[in-house]
Amino acid sequence: MTGNPGKVREAKHALRPLGFDVVQLQVEGVEISEPQADDLEDVARSKIKQAIPYLPSSDDALLVEDAGLFVDSLHGFPGVYSAYALKTIGFDGLLNLLKDSTQRTGAFHAVAALWLDGEIHVSRGICRGEIALQASGKDGFGFDPIFIPHPIQFNGSEHSTGGKTFADVDLTEKEKFSHRRKALDGLIQILNESKPASSS
Ligand code: IMP
């Protein structure tokens, strides 16, 4: 359940090979509210509970993913308020808040919550990095143009974007670092352990 077609695309890509058919849940005429909460997991759980009554079939699984950018020197702001902060002050506003700051570390956090067989399973993903001095790049969305991920271990060796932001690299490259991908991978592990008998 999301209004973001990019998230649906990524979930299809990750879950179809496991035999799950992924469709975007439309709950027309119903407002799914986003509670004010300090933790992404509380937001994701609340959305799942609100949406369960609208599932087309009681056999269906339901996936919700919530994410945000947590800046260390701003005590985690914008965090759970990332979508609102992007809409109001934008990433320029965030750069402005950090203009005198030499401590520019932060992290994207994602929580993926899955309703499956009467239970909510939760998985988290974190991507640490630096807030860039200025925006760069045309790819991606949200705060991608101001986020430079820290190097990671990938296939046994250190891998970095070489100082490029998430908006400077393509999606395949972003996925190697991505908080969202890590959260989905955690759920894939859960799904693998309860693989459906058929692929429909
Ligand atoms: P959502 O509620 O999970 O869609 O994410 C909330 C906000 O966090 C989005 O509006 C973006 O501003 C920001 N965000 C989450 N994930 C990312 C990402 O991968 N790149 C850039 N911004 C992101």
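This briefing covers a pocket, a helix pair and a loop. The model is predicted: local features need pLDDT of at least 70, side-chain atom pairs count only at pLDDT 80 or more, and totals for chains, interfaces and linings use all residues. Residues are numbered from 1 along each chain as its sequence is written, and side-chain values use heavy atoms, without hydrogens and water.

**Largest pocket**
- The largest pocket has a volume of about 900 Å³. A pocket is an open set of points on a 1 Å grid over the protein atoms alone, where a 1.4 Å probe fits, with protein on both sides within 12 Å along at least five of seven lines.
- Its lining counts 38 residues, and Lys7, Glu34, Lys47, Asp66 and Ala83 are the closest to the centre. Lining residues have an atom within 4 Å of a point.
- α2 (40–51), β1 (62–71), α3 (82–88) and α6 (179–193) each supply at least two lining residues. Helices (H or I, at least four residues) and strands (E, at least two) are DSSP runs, numbered from the N terminus.
- β1 gives the most to this lining, with 6 residues.

**Helices α1 and α6**
- The axes of α1 (residues 5–15) and α6 come within 11 Å and cross at roughly 40°. That angle makes α1 oblique to α6. Oblique covers what is left after under 35 degrees (roughly parallel), over 145 (roughly antiparallel) and 65 to 115 (roughly perpendicular).
- On the α1 side, Lys7, Glu10, Ala11, His13, Ala14 and Leu15 meet Arg180, Arg181, Leu184, Ile188 and Leu191 of α6. Contact means heavy atoms within 4.5 Å.

**Loop between β1 and α3**
- Pro78 lies in the loop between β1 and α3. The peptide bond from Phe77 to Pro78 is cis, with omega near 0°.
- His75 also has its place in the loop between β1 and α3. His75 is not a glycine, yet has a positive phi of about 55°.

How values were computed. Grid points are joined across faces, edges and corners, and a volume is the space filled by probe spheres set on the points. Axes are lines fitted to C-alpha atoms, for helices over the stretch in contact, and angles run from 0 to 180 degrees between N-to-C directions.
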